[in-house]
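Take a look at the sequence and the structure below.

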Amino acid sequence: MNVFERIEYWGDRHHPAWLDIVRIGLGVFLFIKGIGFIADTSRLSEIVNGLHIDFWPVVAVHYVAFVHIFGGFLIALGVLTRLSCLLQMPILLVAVFFVNLRQGFSYLNSELWLSLISLILVIVFYIIGSGRFSMDEWMKQHPA
């Protein structure tokens with residue numbers, strides 16, 4: 001059994017039911033954040049251009065919006081939770097360390113705190129998985 005299988009096994013065995021509510025809330029939050037990025041693409045483009053990355057800014061903007069919308073939806077439902085969390089991690093790492101940290105590490109910087117809490121929760125759900133009240137669990141119990 002390799003490391004990833006052991007982490008998945010441990011996560012499936014140690015998942016309290018109240019964490020499913022947190023997972024659903026995180027998924028809804030990411031979904032709404034993705035909708036917000038689509039509604040104001042000029043702001044997201046401004047953020048991406050300010051990072052001076054070599055990678056195409058248009059692709060980065062679309063990746064962020066797409067992953068937040070569909071990844072948040074899948075996290076909220078509990079389908080492919082680990083994959084969705086894995087796709088969210090680079091976005092949230094950039095948001096925490098390169099975008100929001102420039103504005104200062106104070107309690108007034110709410111975007112930094114939201115990004116940091118989201119990053120921590122995404123890492124937690126990558127480890128422990130989707131839980132009992134999820135579509136993955138429902139599909140395991142109803143194979144037909």
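## R23 and its contacts

R23 touches I75, A76, L77, G78, T81, F125, S130, F133 and S134, leaving aside residues up to four places away in sequence. The model is predicted. R23 belongs to helix α2, which covers residues 18-39.

Is R23 buried or exposed? Its relative accessibility is 0%, so R23 counts as buried. The cut-off for buried is under 20% relative accessible area.

## T81, a partner of R23

T81 is one of the residues that R23 touches. T81 sits in helix α5, residues 81-100. T81 has 2% relative accessibility and therefore counts as buried.

Which residues does T81 touch, not counting those up to four places away in sequence? They are R23, L74, I75, F125, G129, S130 and D136. I75, F125 and S130 are also among the contacts of R23.

## Helix α2: length and faces

Helix α2 has 22 residues. At 1.5 Å a residue, these should span 32 Å. The end C-alpha atoms of α2 are 32 Å apart, so the two values agree.

Which residues of α2 are buried? They are L19, D20, R23, L26, G27, L30, G34 and F37. Look down the axis of α2: the buried residues fall within an arc of 120 degrees, so they line one face of the helix. The face turned away from this buried side carries the exposed residues W18, I21, I32 and A39.

F73 lies in helix α4, residues 57-77. F73 has a relative accessible area of 44% and is therefore partly exposed. Exposed would need over 50% and buried under 20%.

F73 touches G27 and F31, again not counting residues up to four places away in sequence. G27 is one of the buried residues of α2. In sequence, F73 and G27 are 46 residues apart. In space, their C-alpha atoms are 5.8 Å apart.

## The second largest pocket

The second largest pocket has a volume of about 290 Å³. The elements giving two or more residues to its lining are α1 (3-13), α5 and α7 (135-141). The lining has 16 residues. Nearest the centre of the pocket lie D12, R82, S130, G131 and K140. S130 is also a contact of R23 and of T81.

How many lining residues fall in each class? Two are nonpolar, six are polar and eight are charged.

Key:
Residues are numbered from 1 along each chain as its sequence is written. This is a predicted model: local features need pLDDT of at least 70, side-chain atom pairs count only at pLDDT 80 or more; totals for chains, interfaces and linings use all residues. Side-chain values use heavy atoms; hydrogens and water are left out. Helices (H or I, at least four residues) and strands (E, at least two) are DSSP runs, numbered from the N terminus. Buried means under 20% relative accessible area, exposed over 50%, partly exposed in between (1.4 Å probe, protein chains only). Contact means heavy atoms within 4.5 Å. On a 1 Å grid over the protein atoms alone, a cavity is a set of points where a 1.4 Å probe fits but cannot get out, and a pocket is an open set with protein on both sides within 12 Å along at least five of seven lines; lining residues have an atom within 4 Å of a point. Grid points are joined across faces, edges and corners, and a volume is the space filled by probe spheres set on the points. Ala, Val, Leu, Ile, Met, Phe, Trp, Tyr, Cys and Pro count as nonpolar, Asp, Glu, Lys and Arg as charged, and the others, Gly among them, as polar. The expected span of a helix is 1.5 Å times one less than its number of residues. The arc is that of the directions from the helix axis to the C-beta atoms.
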